[in-house]
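Dear colleague,

Please find below the structure that I am handing over to you, together with its sequence. My findings follow directly after it.

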Amino acid sequence: MILFLDLVWIKVRDFIRSALYDPENGYFSKLAGSVGFLDKSIRFNQLQGRVAYMKLLDKLYKQHDIAWFTPVELFKPWYAHGIAEAIMRTADLSIPLKIYEIGGGSGTCAKCIMDYIMLNAPPRVYNNMIYTSVEISSSLAEKQLETVGEVQSHFSRFKVECRDATDKNGWGHVNSHPCWVIMLEVLDNLPHDLVFSPNQSSPWMEVWLEQNHDSLQISEVYKPIQDPLISKCSKIIGMDEDQAVKRSSLVAAAKQIWSKAFPKPRRSWMPTGCLQLLEVLHWALPKMSLIASDFSYLPDITVSGDRAPLVSTKKSGRTKDHSNYLDAKGDADIFFPTDFWLLEKIDHYCSGWSNEHRESRSSKAVKKRRTITLDTAAFMEEFGLPTKTRTKSGYNPLLDDFKNTKFYLSVPTHHTS
């Protein structure tokens, strides 16, 4: 149970951060086994088809008693090999290859990428490469060292920095060398904020949480938007423009009357954690190229609001979904669908802001990047080996079952391929 002790007010993003990442009571701290690790790769070409694959998957979940196997784990080494091939095709291999992975899980992605580069790139590329994992969980950081260390030559080219990637101080100083940043299933667990409006015409308000001193009950409180991250996010999304249009429209008066007669409360989840992370990354690594993969859609969400999360608890092999995000107090996962259109806008916004722009409060984002979003099947058909995850019947779980996941690739416009 997470207690906010003397805190009377807390932002929603801080509640989510605490519920997931608190060192003692957070979901990922208490449940280091929430991220599954397979001792050996699945041999898909020996499975008859979908029924056989689902039976195997059910068996693996029961054996390991974990909440989730990531795609990079289920489809190792092929999933990570596709990412490695995308990097090799795009990177300038005449300079040392530097890769950062945010939230490296069990280390499977790092090991498989380094395996691929060792076997397929010119020797000098592997010999001079540096792979850095930025991992907030100390237990997962240890697991990554163990996993990558299975290949002795990888060890001198791999390091783990156990810290919060959104903390600017952790990066030290600006590194202007070209590099790659990998984020797999990271965006869905980043803290979000929540804004609320009582009807269709009223302005949006920040949602804060208040905990009563005499009880564990937490309630929402609404305030005018003043938080800098929420304000920036609303500008990027265009919520300010929406309000301006409503105020200037000829039908604004009619809409206002209608909204008062038939009020419809609105709630919108703001990816402020993503904005915070990308601001820091673009500051620390201004020449970074980015590969991110995540869910673009999550089924059966019962929490209210645009871009609302799935809040889920798994106990004794049974999953329970919650309809209220406040039910997550360290024993439930909170994960959000990724709006890839919005991700691109945030990415371009952050890359176009120099320190001078930030100081002058300029809101004009200069597009300095080339970006593309691909669904997982298209990405793997372009960069991976789809035949390696195909069963005897032709069913391919990576291509057929992950249609709600996408890859986002973003490189500087001055990038040399």
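In this predicted model, Trp 78, Tyr 79, Gly 82, Ile 83, Glu 85, Ala 86 and Arg 89 of helix α5 meet Phe 379, Met 380, Glu 382 and Phe 383 of helix α17. Sorted by class, the residues of this contact between α5 and α17 are 7 nonpolar, 1 polar and 3 charged.

Two packed helices are described by the angle between their axes and the distance between the axes. For α5 (residues 78-90) and α17 (residues 376-383), the angle is about 65° and the axes are 9 Å apart. The angle of about 65° makes α5 roughly perpendicular to α17, because 65 to 115 degrees is the range for that description. The crossing of α5 and α17 is left-handed.

The loop between α4 (71-74) and α5 contains Pro 77. The peptide bond that leads from Lys 76 into Pro 77 is cis, and its omega is near 0°.

The axes of α11 (residues 228-237) and α14 come within 9 Å, and they cross at roughly 95°. These two helices are therefore roughly perpendicular to each other. On the α11 side, the residues that take part are Leu 229, Ile 230, Lys 232, Cys 233 and Ile 236; in α14, their partners are Thr 272, Leu 275, Gln 276 and Glu 279. This contact of α11 with α14 comprises 5 nonpolar, 2 polar and 2 charged residues.

Thr 272 deserves a separate paragraph. Thr 272 belongs to helix α14, which spans residues 272-284. Is Thr 272 buried or exposed? Its relative accessibility is 0%, so Thr 272 counts as buried. Which side chain makes a polar contact with that of Thr 272? The partner is the side chain of Asp 193, at 2.8 Å. Beyond residues up to four places away in sequence, Thr 272 touches Arg 13, Pro 191, His 192, Asp 193, Leu 229, Ile 230 and Cys 233. Among these, Leu 229, Ile 230 and Cys 233 are also listed for α11 in its contact with α14.

Ala 19, in helix α1 (residues 12-21), also has a relative accessibility of 0% and therefore counts as buried. The C-alpha atoms of Ala 19 and Asp 327 are separated by 9.8 Å, although the two residues are 308 residues apart along the chain.

Two residues other than glycine have a positive phi. Phi of Glu 185 is near 50°, and phi of Asp 300 is near 60°. Glu 185 sits in the loop between β5 (179-184) and β6 (193-197), whereas Asp 300 sits in the loop between β10 (288-295) and β11 (310-315). Their accessibility may be set side by side: Glu 185 is buried, with a relative accessible area of 12%, while Asp 300 is exposed, with a relative accessible area of 61%. The reason lies in the cut-offs, because buried means under 20% and exposed means over 50%.

Two further positions were examined with their surroundings. Lys 223 is placed in strand β8 (residues 218-224). At 26% relative accessibility, Lys 223 counts as partly exposed. Apart from neighbours within four places in sequence, Lys 223 is in contact with Trp 9, Met 205, Glu 206 and Trp 208.

Ser 106 lies in the loop between β2 (98-102) and α6 (108-120). With a relative accessibility of 7%, Ser 106 counts as buried. Leaving aside neighbours within four places in sequence, Ser 106 is in contact with Gly 36, Phe 37, Glu 73, Lys 143, Gln 144 and Thr 147.

Finally, some totals for the protein chain. There are 18 helices and 15 strands. The chain has 417 residues, of which 52% count as buried. Of the contacts between residues at least 6 apart in sequence, 75% join residues at least 24 apart.

Yours sincerely

Key:
Residues numbered from 1 in each chain as written. Predicted model: local features only at pLDDT ≥ 70, side-chain atom pairs only at ≥ 80, totals over all residues. Heavy atoms only, no water. Helix = DSSP H or I, 4+ residues; strand = E, 2+ residues; numbered from the N terminus. Buried < 20%, exposed > 50% of the residue type's maximum accessible area, 1.4 Å probe, protein only. Polar contact = N/O pair within 3.5 Å; in protein donor to acceptor, adjacent residues only side chain to side chain. Contact = heavy atoms within 4.5 Å. Axes fitted to C-alpha atoms, helices over the stretch in contact; angles between N-to-C directions. Parallel < 35°, antiparallel > 145°, perpendicular 65-115°, else oblique. Left-handed = near helix turned anticlockwise from the far one by under 90°. Nonpolar A, V, L, I, M, F, W, Y, C, P; charged D, E, K, R; others polar.
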